[in-house]
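Please review the model shown below.

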Amino acid sequence: MEIPKNGYDVAVIGTGMGGSACGALLAKAGLRTLILEKNERIGGSCSYYEKDGFKIDIGTHMFTRGNRGPFGEVQKRLGIPNRIQFKQTHDLALMTGGGYTITLPKEAYRYPAFYLELYRELKIPLKDFYSVTKLFYDLVMMPDSEIEKWNERPVDEFVAKYVGGNLRLLGYLGGLLGLFFVIPFWDASAGEAIWCYKRMFGERTLSYPRGGAHRIPSVFCEAAEGLGADLRTGSKVTRIRVENGQVQGVEVDGGQFFPARAVVSTTSLRDSVFHLVGEEHFPEAYREKVRKLKKSIIAFQVKIALDQKIFEPGAIFGARIRDKNFDPTQVTMEEVKQGYQEIMEGKIPMVTMIYGPVPSNFDPSLAPPGKQLITACTAGPTTDVELQEPAEKWMDEMVEALDELIPGLKKHIMWVDRFDTKFIANWIGKEFGPAISTAQTIDQVGKKRPSIRTPIRGLYFAGDCAGGRGVGTELATQSGIECSEIVASDIAHGLIG
Ligand SMILES: Cc1cc2nc3c(=O)[nH]c(=O)nc-3n(C[C@H](O)[C@H](O)[C@H](O)COP(=O)(O)OP(=O)(O)OC[C@H]3O[C@@H](n4cnc5c(N)ncnc54)[C@H](O)[C@@H]3O)c2cc1C
């Protein structure tokens with residue numbers, strides 16, 4: 001690969017959702033684009049590996065908006081609409097454990113029955129019937145201008161408005177609404193949660209792509225290369241070179257330098273500022289802001305190969321309570337908070353929460369004929385927290401929980417691959433390995449979200465660290481779209497050296 005005579009217009013660091021979307025759109029804008037990925041395989045969190053005929057996601061993913069959201073928008077802009085096919089299953093998910101069993105259906109006509117089941121399972125008292133119904137109504141119908149007003153207020157405040165002092169409902173519905181953000185729901189932005197649920201429920205687009213999660217960044221990267229971008233895997237950027245307040249290009253492991261007028265970094269803000277650029281290039285006020293940014297927590301993961309299909313829905317959302325004397329219907333907010341605190345302290349919580357998409361139910365080609373692939377995760381602390389119990393124990397607990405939630409599971413297990421939090425941190429390269437590097441807390445969304453532009457000319461941030469809105473992968477893709485527009489416009493207006 002030859003470096004263009006006058007260097008690149010833009011170098012993009014990372015091929016996750018943010019980097020791959022941004023890189024492809026920059027190439028589409030006619031810019032000489034270089035995309036650099038430290039791993040041998042593209043995709044970041046949405047990358048994959050193969051084993052015994054199974055194709056397995058590195059992360060644990062479902063996608064809330066299919067082609068209706070930013071994935072569709074990127075493909076449209078690239079002139080390849082709907083190249084990615086999003087699939088749904090008859091029952092999208094089973095929510096089970098802790099005394100509840102609720103099935104989330106695919107079709108709209110099954111929704112009234114779904115709500116009835118939900119109300120019955122949650123034992124919603126007659127006096128709360130109207131207000132809980134109003135909550136679900138508002139979740140889907142609230143105008144976006146109204147949603148904005150909830151940006152800087154937490155999910156628990158939003159839910160409490162409807163369920164008042166019913167702490168059991170507050171815990172359950174708050175947990176459900178905050179789920180997307182991998183932070184406690186009392187820290188998560190209600191505006192962000194309502195915005196995401198409104199679209200997911202309104203458009204009924206919860207789904208999974210044919211070919212696996214990596215199909216999305218793969219389509220973006222293929223398009224980028226087709227449009228003339230250079231893509232280099234196995235190329236870890238070690239420095240973003242800055243001189244006199246202007247980006248000069250990037251250096252990769254081994255010392256090679258790639259000149260570029262602009263650099264888009266999709267690792268975390270802390271990595272970009274403190275490790276790749278060097279803090280001396282930023283004003284103190286900016287450094288201080290980056291230092292104080294909050295990240296989400298992360299997850300332990302298991303990938304389970306089964307010798308036959310034993311589970312029908314597209315995903316399992318479950319809970320297993322280890323102390324069988326504990327009554328989940330009497331849970332208090334204090335106990336919910338304590339559970340989260342235990343995770344933050346590196347202890348296995350009393351309740352193991354499971355999020356488990358089943359990729360082969362959406363696309364049977366992801367497993368050998370007749371077999372099934374379950375991917376599952378449970379919340380764990382980022383790697384700056386010392387674990388009080390060995391990582392293996394966290395993952396054993398997850399298998400036990402799944403065996404309780406899916407009876408007979410263990411009998412059909414061919415193998416279990418276990419990914420601890422250090423693995424995912426190394427894979428994505430973001431300091432301490434958070435699921436979302438700039439968490440969607442009340443002070444980090446909307447107008448308060450870190451900006452894609454930076455104090456350095458030619459330096460931009462994209463992915464889940466800056467800009468965008470929505471759930472993880474869609475947040476990162478939306479940010480990639482916004483970033484490509486900003487960079488193309490700055491170059492067109494001669495704002496970059
Ligand atoms: C276990 C888990 C479950 C999740 N579940 C969901 C879900 O169900 N739905 C959802 O929408 N989101 C989910 N998310 C969140 C989602 O995966 C991320 O928010 C999103 O994919 C981040 O995209 P990104 O482009 O910002 O970064 P990443 O996907 O992390 O990509 C960053 C890329 O940059 C590369 N890189 C980093 N540093 C360098 C360097 N110095 N040089 C070169 N390359 C570098 C990395 O190798 C990586 O490929 C989950 C995340 C995890 C970990």
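**Domain arrangement and ligand site**

The centres of domain 1 and domain 2, taken over C-alpha atoms, are 31 Å apart. The contact draws 15 residues from domain 1 and 19 residues from domain 2, where contact means heavy atoms within 4.5 Å. This is a predicted model, in which local features need pLDDT of at least 70 and side-chain atom pairs count only at pLDDT 80 or more, while totals for chains, interfaces and linings use all residues. Residues are numbered from 1 along each chain as its sequence is written, and side-chain values use heavy atoms, with hydrogens and water left out.

**Domains**
- The domain assignment, automatic or from a database, gives domain 1 as 8–49 + 57–85 + 212–293 + 429–492, domain 2 as 108–203 and domain 3 as 295–424.

**Interface of domain 1 and domain 2**
- About 1600 Å² is buried between domain 1 and domain 2, and carbon and sulfur atoms give 59% of this area (accessible area, 1.4 Å probe, that two parts lose on being put together, summed over both).
- Four salt bridges are found across this interface (a side-chain nitrogen of Lys or Arg within 4 Å of a carboxyl oxygen of Asp or Glu).
- The side chains of Lys448 and Glu152 form a salt bridge, at 3.3 Å from N to O.

**Ligand site**
- The ligand is surrounded by 33 residues, the closest being Glu37, His61, Tyr355, Lys430 and Thr473 (a residue is near if one of its heavy atoms lies within 4 Å).
- An N or O atom in the side chain of His61 is 2.7 Å from an oxygen atom of the ligand.
- A backbone N or O atom of Met62 lies 2.9 Å from a ligand nitrogen atom.
- The protein buries 96% of the 1000 Å² that the ligand exposes when taken alone (Shrake-Rupley method, 1.4 Å probe).

Methods:
A polar contact is a pair of N or O atoms within 3.5 Å; within protein, one must be able to donate a hydrogen and the other to accept it, and residues adjacent in sequence count only if both atoms are side-chain atoms.
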